[in-house]
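Dear colleague,

I am handing over the structure we talked about, and it is shown just below. My notes on what was found in it follow, and I would be glad if you read them with the model open.

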Amino acid sequence: MNKPKVYITRKCPEDSIKRLKNIANIKMWTDELEPVPRDILLNEVKDVDAVLTTLSEDVDESFFSHANKLKVVGNLAVGYDNIDVKAAERHGITITNTPDVLTETTADLAFALMMAVARRIVEASDYVKKGQWKNWGPLLLAGKDLHHKTIGIVGMGRIGTALARRAKGFDMDILYHNRSRDEMAEKTLGAVYAPFEDVLEAADYVVCLTPLTAETKGLFDGKAFELMKQDAIFVNVSRGPVVDEQSLYKALVGGKIAGAGLDVFEKEPISSDHPLLSLDQVVALPHIGSSSMATRYKMIDLACWNIAKILEGKPAVTPVKS
Ligand code: DGY
């Protein structure tokens, strides 16, 4: 019997896709960093049973309409705003994501960004490397404390709760805003639910972890930054379009907030001449929230496992619904 065909849109290590190797014929895009061009992708999708995608691919109506026997798209991310899930459902195609395996790693990075901005880690490291360090000074590169401050988590899903646990370890007060209450976090971590505006007003660190949806697009706008404390630090590790970058830039330059740690941007990759990147009080990363070696292997494995399940006629491990 012919093996099913799988297309993988980014070069992944051979040993990370072993779950699929025995059961499918695999074709993989040859570059690790450059996404597959759209025309090549649309051509490849015509003849395959499954595609492993990344967040660089738009998996939309036009993608699905090119497919003739596609059964499943395994997205290599917990977020799936790059996928039109309703269109997939219309075409009878299963969509899967990679939750849980990246929770702790992403929470680590969110906390690292808070610390990096607060303690001016990148600035200080550059200062040493550029030979600017001449002497010890009482206020040399003095930053802000995290311990005993208030963190405001917007989007209290799995990663939000994992971040709250880290904050608890630093004796921080935890405020959160979410569509639903997290009773476990309230009971075990002392997290306190508050309306969005109240979180912004009270938090020293505002961390955005909400998924990108029609409702959350542009959620952090000029009004939101206006409500924050003047010495607040804003961190975004979810999706860029949840933030209006122009308003963020104005808030930083105008002293409405003190700093920002950004792992995600409205347009990725962000252009190196983007105004936000000119600010010392901004730490910018290239969307590496879940990027530890171990976690990325687990994510690829979970995406492959989901695809394998569907190809074997079984339910997916982590399907997503519209
Ligand atoms: C996700 O999983 O959604 C991340 O943004 C990509 O690792």
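**Notes on the model**

C208 has N236 in β10 as its bridge partner, and this is one link in the pairing of strand β9 (residues 205–208) with strand β10 (residues 233–236), which is in the parallel sense over four bridges. Strands here are DSSP runs of E of at least two residues, helices are DSSP runs of H or I of at least four residues, and both are numbered from the N terminus; two strands count as paired if DSSP finds at least two bridges between them.

Before going further, please keep in mind that this is a predicted model, in which local features need pLDDT of at least 70 and side-chain atom pairs count only at pLDDT 80 or more, while totals for chains, interfaces and linings use all residues. Residues are numbered from 1 along each chain as its sequence is written.

**Two sheets**

β9 and β10 belong to an open sheet of seven strands, with parallel pairing, in the order β8-β7-β6-β9-β10-β11-β12. At its edges stand β8 (192–193) and β12, and because each has a single partner strand, one side of each is left without a neighbour in the sheet.

There is also an open sheet of five strands, again with parallel pairing, in the order β2-β1-β3-β4-β5. Its edge strands are β2 (25–28) and β5 (94–96), each of which pairs on one side only, and the twist averages 15° from one strand to the next (axes are lines fitted to C-alpha atoms, for helices over the stretch in contact, and angles run from 0 to 180 degrees between N-to-C directions). Going through this sheet pair by pair, β1 is joined to β2 by four bridges, with I8 partnered by M28 in β2; β1 also pairs with β3 over three bridges, with Y7 partnered by V51 in β3. Strand β4 (residues 72–75) is joined to β5 by three bridges, and V72 has T94 in β5 as its bridge partner.

Helix α12 (residues 293–311) lies across β1 (5–8), β3 (50–53), β4 and β5, and it runs at about 170° to β4.

**Domains and records**

The domain assignment, whose bounds come from an automatic or database source, gives domain 1 (5–99 + 293–311) and domain 2 (103–284). The C-alpha centres of domain 1 and domain 2 lie 31 Å apart, and the contact takes four residues from domain 1 and five residues from domain 2, where two residues are in contact if their C-beta atoms, placed from the backbone, lie within 7 Å.

The UniProt record, in an unreviewed entry, places "domain: D-isomer specific 2-hydroxyacid dehydrogenase NAD-binding" at residues 111–289; UniProt positions are given in the numbering used here, feature names are shortened, and annotations may be inferred rather than shown by experiment. Over residues 111–289 the chain is 32% helix and 15% strand, with the end C-alpha atoms 10 Å apart.

**Around the ligand**

Which residues are around the ligand? They are L55, A77, V78, G79, L102, G289 and S290, each with its C-beta atom, placed from the backbone, within 6 Å of the ligand. This shell divides into four nonpolar, three polar and no charged residues, where Ala, Val, Leu, Ile, Met, Phe, Trp, Tyr, Cys and Pro count as nonpolar, Asp, Glu, Lys and Arg as charged, and the others, Gly among them, as polar.

**Two backbone details to check**

Most residues other than glycine have a negative phi, and most peptide bonds are trans. D100, in the loop between β5 and α5 (103–118), has a positive phi, near 70°. A cis peptide bond joins E268 and P269, with omega about -5°, and P269 lies in the loop between β11 (259–262) and β12 (282–284).
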